[in-house]
Structure formats: structure tokens, C-alpha cells
Amino acid sequence: MSGAASDRDATSDEAIYRLILFVAGREPNSEQARTNLANICGGHLEGRCDIEVVDVLTDYRTALEHNILVTPCLLKLEPNPRALVAGTLRDTEKVRTALQLPNKAS
Amino acid sequence: MSVESTDELRAKLAEAESIIEALRGGKVDAVVGDEQIALLRLREVEEALRRSEARYRGIVEDQADLVFRWNREGRLTFINEAFCRWLAQTRERLEGSHVSAALPADTNHRDIWAELTATEGAERPSLDQEEPVTSPTGERRWLNITHRLIHDDEGETEIQSVARDVTERRCAQEQLRELNADLEQRVEQRTAQLKRLLNELDEAEQRERRRLAQFLHDDLQQLLVASKFTLTRVRQQATDETQSAAADRAAELLDRSLSASRSLMSQLSPTELQESGLLAGLEWLGEQMHEMHQVPVAVEGDPRAEPRNHQLRDLLFSFAREVVFNAIKHARPSQVWVTTRRRGDGHIEIGVRDDGDGFDADARVRAQQHQTGLGLWRIEERLQLLGGWLEVDSAPGAGARITLVAPASADADGEE
């Protein structure tokens with residue numbers, strides 16, 4: 001049992017995170033979201049983050065395709081399931097929980 | 001249509017909650033619509049408003065002026081620090097209290113409302129008042145207050161009043177007024193003194209002239225007549241031609257002395273003037289001038305133009321004599337005319353006209369500054385002190401007319 005659990009963790013640890021951050025130009029909340037996301041990914045997810053930043057001011061169709069209503073907004077496409085966090089991503093623990101990222105302590 | 005699993009529903013609910021939370025917390029920059037993006041900059045706007053209000057409040061609070069707003073009921077809705085200091089009360093106590101404490105005693109806040117709303121058509125209706133008030137410390141101070149009608153975005157109307165303590169300015173104005181009054185009084189006193197002195201001087205001159213004329217008439221001329229009488233007897237008793245010739249020569253000299261004495265007496269104080277008045281004096285003057293300078297002087301007078309007292313009569317005569325003499329001396333006229341008349345306004349007018357060279361009347365002012373026209377200037381000054389004036393009408397080559405005007409009832413001291 002412990003082996004199976006260990007296998008799932010290992011798979012989770014190695015998974016690539018495909019994330020899209022939707023922003024509105026250099027607006028203050030969008031800028032904070034960029035900084036906070038960089039901090040989150042710079043930790044345990046280093047090398048395993050595929051982050052695309054979409055500026056809705058120049059490309060709003062991508063936002064519509066993904067049913068994004070507000071910016072800033074972080075969308076996790078992979079691994080499944082899809083998850084979404086709106087806002088400046090200031091509360092790191094909340095973001096980790098929402099995106100089902102590995103626990104900081106692990 | 002697929003049935004969504006509980007997990008999918010939970011995930012969508014979590015997304016919705018996240019969005020709502022971000023919106024509530026002001027963490028959203030833009031809303032994505034079908035074809036457009038709506039940027040949300042509420043926080044920026046709020047911050048700008050906050051800064052603006054802080055700046056405004058800072059300016060208002062730093063004002064030395066009393067700034068206060070009040071509503072239709074007269075309740076204070078805003079006050080600044082200066083206002084609190086003036087009334088020596090706390091902001092908490094004053095806010096919501098009645099505005100009457102800040103207004104002059106006899107000012108009703110309803111009147112201000114009525115007046116401002118009546119002029120509401122004006123661009124920025126305002127009302128100014130400057131009134132004395134008694135400060136809470138019992139001092140009497142002056143306040144200048146400007147009331148202005150203010151409308152906010154929600155349609156509420158208030159009055160903003162800005163009051164300034166102008167006590168210092170009012171005191172300075174009052175002091176200035178007192179100083180001016182004092183100065184005017186002193187000028188008046190000095191003018192009266194000057195009038196008296198000039199009058200005394202004129203009187204002394206006339207008195208001295210009369211005294212000398214009297215001396216010439218009573219003493220010198222009597223002695224000369226007696227001498228001539230004695231000489232006549234000596235002439236009758238002469239024993240040879242030499243004595244007779246010497247006596248004749250002495251008699252001739254005595255005659256000339258007598259004549260000179262009579263002439264001097266008339267010059268000093270014409271008998272015609274003293275006995276028959278101004279017009280007779282001027283007629284005598286005309287004859288004298290004609291005789292001495294070979295210039296005809298026509299005198300035409302109004303018997304009603306006779307001064308009330310002898311001092312004014314002698315003064316006007318001496319002025320007329322100086323003006324006639326100046327005309328003959330400087331303008332080389334072929335004829336001089338002297339007229340007197342009683343004006344409708346109760347003044348006596350003496351006109352001296354000549355057909356001589358004339359002069360630039362405007363240049364007379366400049367000439368006076370160089371003292372060349374001092375005679376006319378002195379006459380003008382003296383006439384003004386009497387309540388009269390002098391008029392000059394002349395141009396080069398066109399003769400001249402000098403008009404002397406004095407109140408007929410002017411007393412010896414110059415007062416009417």
C-alpha cells in the first residue's frame with residue numbers, strides 16, 4: 001500500500017504543470033499575480049512549470065475559449081482536473097490547495 | 001446532454017467562489033466580455049479620490065480663515081481647525097451645532113439663504129458681509145465673511161462660508177481716517193492763521209499809507225505852504241535883482257515840492273477812494289495812468305459793485321492798480337479798459353482789459369514757478385483766501401483780460 005502511494009506521489013512529483021495566467025496589461029493586480037506566480041513556481045515546481053501568460057487586452061479570444069471571466073486569473077490545464085484561481089494569488093497556500101500542488105513541506 | 005459529476009460541479013463552484021472573492025477584495029483588473037474587455041480601476045480611482053480629499057482637507061485645515069459649511073436648517077456640516085480655535089470649542093461639540101454662533105449678532109441665516117438662492121442664476125452666487133462681532137473671549141473683532149452656495153453631486157445644497165479676521169485692517173483704516181481728519185483740521189487752522197496774517201499785513205500797509213498821507217497833508221504840506229508864504233514876503237522886501245531871482249527860484253522849488261507831496265499823498269491813499277468809494281478811486285487811477293504814461297484808461301463801473309468794508313475796497317483797488325500798471329508796463333497797449341460789476345452770485349467783478357501784446361495764459365503757470373508772474377500769483381492767492389478767484393484770458397498778439405472776483409460781503413478777515 002505504501003508502495004502504491006509512493007508510486008502516485010512519484011508520478012505527481014514528476015508531472016508537468018501546464019498553467020495559463022490571464023492578465024490585463026500592466027494593471028496593478030495583474031502585476032502582483034505575475035510576481036506571486038513566479039514565486040510559487042520558483043519553489044518545488046522549478047523545471048516542471050509550463051506557464052503561458054495571456055494578456056486579454058491583446059488576446060481576449062483565448063480567455064473566452066477557456067471561459068475566463070476576470071483577470072488576473074490562473075488556470076491549471078494539466079495535470080487534470082482543470083482548476084482556476086482568480087485574484088492576485090497572494091495567498092500562496094490557498095493557490096497550492098486549489099491547484100492541488102504538492103505540499104510545501106513534502 | 002452529459003450529466004456533470006459531483007467533482008466537476010464542486011470544481012465549478014470553487015471557480016465561482018474564487019472569482020467572487022477576487023471581485024469583493026478588489027483584486028480584479030478586468031472583466032472579459034464576449035467582444036470586449038472592461039478594465040476595472042476602482043481602486044486607483046478610490047486612491048486618487050482619497051489623496052485629493054486629503055490634499056483638500058489639508059489646505060482647508062491649514063487656512064487661517066474660518067471655513068464652515070451649513071445646511072438649510074443652519075446646522076454646521078463641516079468646520080476647519082481655525083473655526084474651532086475662533087470659537088474656542090472642540091470639533092465634536094461644534095459639528096452639527098447651529099451656525100448662528102459664527103455669524104454676526106444681527107445676521108439671520110435664513111436671510112443669507114434667501115438672498116443666495118434669489119441670485120442662483122448667477123455663475124457662482126456669493127454674498128459678502130463685513131461686520132463687528134464679539135469673540136468668545138469678549139473681544140470686539142471685525143469679520144469679513146463670504147457666503148457661497150454649494151451643490152454636491154447628489155443634489156444637496158449647502159452654504160460654504162469663509163470668514164477672515166480683518167480687525168487689524170479696520171483699525172488701520174480707522175487710524176488713517178483719524179489722522180486725515182486731524183491733518184485736515186490742522187490745515188484748516190493754518191489756513192485761517194495765514195488769512196489772519198495776510199489780513200493784518202494788508203491792514204498794516206493800508207494804515208501806514210493813510211498815516212503817511214495824513215502826515216503829508218497835515219504837517220509837510222502845511223509847512224511847505226507856510227514856507228512859501230514867508231518866502232513871498234521875503235521876495236517883496238528884496239533889495240536887488242540877485243535876491244529877487246534867488247527868492248523866485250526858491251518859490252519854484254517849493255511849488256514843485258508841494259506838488260510832489262500832493263501826488264505822493266494821492267498815490268499812498270487816494271482821497272477819491274477814501275471819500276467816494278471804489279469806482280471813484282478807479283476813475284482817479286485811470287486819469288493818473290493816462291497822465292503819467294500817456295495811455296488812455298477807460299473806466300466804466302456799476303455803483304452796486306461797492307465792497308461792504310473799506311479794507312476790501314482798498315485791497316481790490318490795490319490789486320486793480322497793480323494789474324493796470326503791469327498791462328501798461330509790459331504789454332505796450334494803446335488803450336486799457338477797466339470795468340466793475342456786481343455779479344448775480346453776489347460777487348464783485350473787476351475786469352482789466354488791454355489791446356497790448358498779450359501772452360500765453362498757459363505759460364503763466366510756468367512763469368509763476370520762476371517767480372516772474374509773482375504779482376498775479378499773489379493777487380490770485382489773496383483772492384482765493386477771500387473766497388474769490390482770478391481769471392486770465394490772453395494769447396500772444398491778442399491783448400489780455402484779467403478778471404478779479406471777490407465776494408461783496410467778504411469781511412476783513414477773509415470770511416464771507
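## The nonpolar core of chain B

In the largest nonpolar core, which has 32 residues, L316(B), V324(B), V336(B), V338(B), L383(B) and L404(B) touch the most other members. A nonpolar core here is a set of buried Ala, Val, Leu, Ile, Met, Phe, Trp, Tyr and Cys residues joined through side-chain atoms within 4.5 Å. Buried means under 20% relative accessible area, exposed means over 50%, and partly exposed covers what lies in between (1.4 Å probe, protein chains only). At least two residues of this core come from each of these elements of chain B: helix 9, helix 10 (310–331), strand 9 (336–342), strand 10 (347–354), helix 12 (374–386) and strand 12 (400–407). Helix 10 of chain B provides the largest share, nine residues. Helices (H or I, at least four residues) and strands (E, at least two) are DSSP runs, numbered from the N terminus.

## How to read the model

This is a predicted model, in which local features need pLDDT of at least 70 and side-chain atom pairs count only at pLDDT 80 or more, while totals for chains, interfaces and linings use all residues. Residues are numbered from 1 along each chain as its sequence is written, chains are lettered from A and ligands numbered from 1 in the order in which they are written, and side-chain values use heavy atoms, with hydrogens and water left out.

## Salt bridges

Side chains of opposite charge can pair when their charged atoms come close. Over all chains, a search of the whole structure finds 27 salt bridges, each being a side-chain nitrogen of Lys or Arg within 4 Å of a carboxyl oxygen of Asp or Glu. One of them joins R170(B) and E130(B), at 3.0 Å from N to O. R170(B) lies in helix 6 (residues 167–236) of chain B and E130(B) in strand 5 (residues 126–134) of chain B, so this pair ties together parts that are 40 residues apart in sequence. R170(B) is partly exposed at 26% relative accessible area, and E130(B) is partly exposed at 23%.

R249(B) is partly exposed at 43% relative accessibility, and E252(B) is partly exposed at 40%.

## A network of charges

R341(B), R343(B), D345(B), E349(B) and R401(B) are linked in a network of salt bridges. R343(B) counts as buried because its relative accessible area is 19%, whereas D345(B) is partly exposed at 41%.

## A negative patch on the surface

On the surface, E272(B), E275(B), E283(B), E287(B) and E291(B) gather in a patch of negative charge. Such patches are made of residues with over 30% relative accessible area and no salt bridge, with like charges joined within 9 Å. Asp and Glu count as negative, and the place of a Glu charge is taken as CD. Accessible areas come from the Shrake-Rupley method with a 1.4 Å probe.

Helix 8 (271–276) and helix 9 (278–293) of chain B each supply at least two residues of the patch. Helix 9 gives the most, with three residues. E291(B) is located in helix 9 and counts as exposed at 59% relative accessibility.

The loop between helix 9 and strand 8 of chain B holds Q294(B). Q294(B) has a positive phi near 60 degrees although this residue is not glycine, and Q294(B) is exposed at 59% relative accessibility. In strand 8 (residues 297–300) of chain B we find E300(B), also an exposed residue, at 59%. E300(B) and L282(B) are 18 residues apart in sequence and 9.1 Å apart in space, C-alpha to C-alpha.

A88(B) has a positive phi too, about 50 degrees, without being a glycine. A88(B) lies in the loop between helix 3 (81–87) and helix 4 (91–94) of chain B, and is exposed with a relative accessible area of 60%.

## Chain A

Chain A has four helices and five strands, in the order α-β-α-β-α-β-β-β-α along the sequence. Of the 106 residues in chain A, 42% are buried.

Two cis peptide bonds deserve a look. One runs from T71(A) to P72(A), with omega near -5 degrees, and P72(A) is in the loop between strand 3 (70–71) and strand 4 (73–78) of chain A. Another runs from E78(A) to P79(A), with omega near -5 degrees, and P79(A) is in the loop between strand 4 and strand 5 (83–86).

How values were computed. Patch = residues over 30% accessible without salt bridge, like charges linked within 9 Å, V, L, I, M, F, W, Y side chains within 5 Å.
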